[in-house]
Amino acid sequence: MDRHPDTLTQLARPHRKAVLVALLCITIAGGILFGVLNARNDAWFIAIVEWAMAGYSIALLQAVRNTRYLERWILAYILPFFSAMMVAVATPNASATVFGWVLLIPLVSHLLLGRRAGMVLSLFFIAVATLIFLYRFQGDPGAMDPRSIANMVVLTACITVFSHVYEVSRERSETQLLRMAQTDFLTGLPNRSRIKVFFEREKSRATREKQPLSLLIIDLDHFKQVNDRFGHEAGDRALVFFADLLQRRLRSTDLAGRLGGEEFGVILVNTATTAAAEVADDLRKALKSTGISHDDQTIHLTMSAGVAELGVDGDSLQALLAVADQRLYQAKNEGRDRIIPPPPELTSPAILSPG
């Protein structure tokens with residue numbers, strides 16, 4: 001399952017963008033309304049701040065509609081918004097009820113930034129608001145009544161905790177859904193979707209660090225005969241057995257997945273063609289030498305594989321799959337139970353064996 005932070009961030013973006021747009025609309029309407037009300041009470045400084053925030057929100061609303069940098073715009077909104085809130089609560093002629101807006105801080109922070117950054121920002125601005133409150137009302141017995149303060153503290157703590165728990169629960173639900181969407185139900189291996197995500201990330205890293213990246217397509221030979229002779233339950237056990245073999249014999253940095261049926265794909269990071277072919281041949285030998293027991297019978301399996309390398313055989317997953325698939329069929333046409341790498345003239349000079 002892909003637990004990479006970038007993937008979780010991508011999943012959260014539609015949710016956070018919808019929340020941001022809604023908050024911007026509310027900020028525009030609220031800023032105009034409260035600006036007018038404060039201007040009528042001669043609180044011009046607060047009114048100007050609120051009108052400025054409303055105008056700023058209008059500009060942000062246009063910017064976020066088709067942006068690729070949502071997280072930057074979230075910070076561009078949330079920091080001035082909370083800062084304007086601190087200015088409002090610090091204004092001498094503002095009533096104590098304005099501190100009720102502080103309760104929005106943990107809710108907005110968690111919805112827009114997630115559980116970690118949301119909690120950090122919440123605690124910071126709540127602490128600032130608390131210091132402002134103590135400074136402004138330290139000599140006011142009514143405002144400093146222990147019962148009123150206790151109510152506000154408990155309410156703020158509850159909203160902060162509830163916001164955090166909601167985000168934790170949402171992230172766990174999305175992680176579980178992502179796991180289900182990217183995992184083959186029978187073998188527990190990643191499926192095509194997960195392979196694609198992994199490949200794109202490793203391709204970027206390999207390109208940036210100028211390291212090789214190889215792909216294997218593996219097919220279990222005569223697998224239909226296994227199903228016909230021993231039954232589909234035995235066929236399923238054979239697939240699970242081979243999946244376990246892949247996981248045990250590959251490095252933790254590599255990825256093995258099921259492409260469909262009896263076909264598997266393996267991405268070998270920091271590994272060029274020759275080393276990838278050696279890895280595939282080791283897998284072939286290990287599979288051939290191990291039998292699978294089923295109903296007092298032994299099932300013997302062999303495999304064929306085609307090898308392709310990033311840059312040598314193509315620059316996309318689709319291209320590498322097509323080339324590796326061609327070599328896989330060449331292996332089958334030549335008698336199966338063999339590995340077909342690229343021709344020597346195409347082999348990359350950089351050969352890094354898995355360690």
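Analyst: Ala, Val, Leu, Ile, Met, Phe, Trp, Tyr, Cys and Pro count as nonpolar, Asp, Glu, Lys and Arg as charged, and the others, Gly among them, as polar. This is a predicted model, in which local features need pLDDT of at least 70, side-chain atom pairs need 80 or more, and totals for chains, interfaces and linings use all residues. Residues are numbered from 1 along each chain as its sequence is written, and side-chain values use heavy atoms, without hydrogens or water.

User: How does the lining of the largest pocket divide into nonpolar, polar and charged residues?

Analyst: The lining has 18 nonpolar, 8 polar and 1 charged. Among its 27 residues, Phe34, Glu50, Ala88, Val98 and Trp101 are the closest to the centre of the pocket. Glu50 counts as charged under the grouping above.

User: Which helix gives the most to that lining?

Analyst: α1 does, with 8 residues. α1 (5–40), α2 and α3 (70–90) each supply at least two. Helices are DSSP runs (H or I, at least four residues), numbered from the N terminus.

User: Why are α4 and α6 called roughly parallel?

Analyst: Their axes, lines fitted to C-alpha atoms over the stretch in contact, cross at roughly 15 degrees. Angles under 35 degrees count as roughly parallel, so α4 and α6 are roughly parallel to each other.

User: What makes the contact of α4 with α6?

Analyst: Pro106, Leu107, His110 and Leu111 of α4 meet residues of α6 including Ile159, Ser163 and Tyr166, where contact means heavy atoms within 4.5 Å.

Methods: Axes fitted to C-alpha atoms, helices over the stretch in contact; angles between N-to-C directions. Parallel < 35°, antiparallel > 145°, perpendicular 65-115°, else oblique. 1 Å grid on protein atoms, 1.4 Å probe; cavity = no way out; pocket = protein on both sides within 12 Å on 5 of 7 lines; lining within 4 Å.
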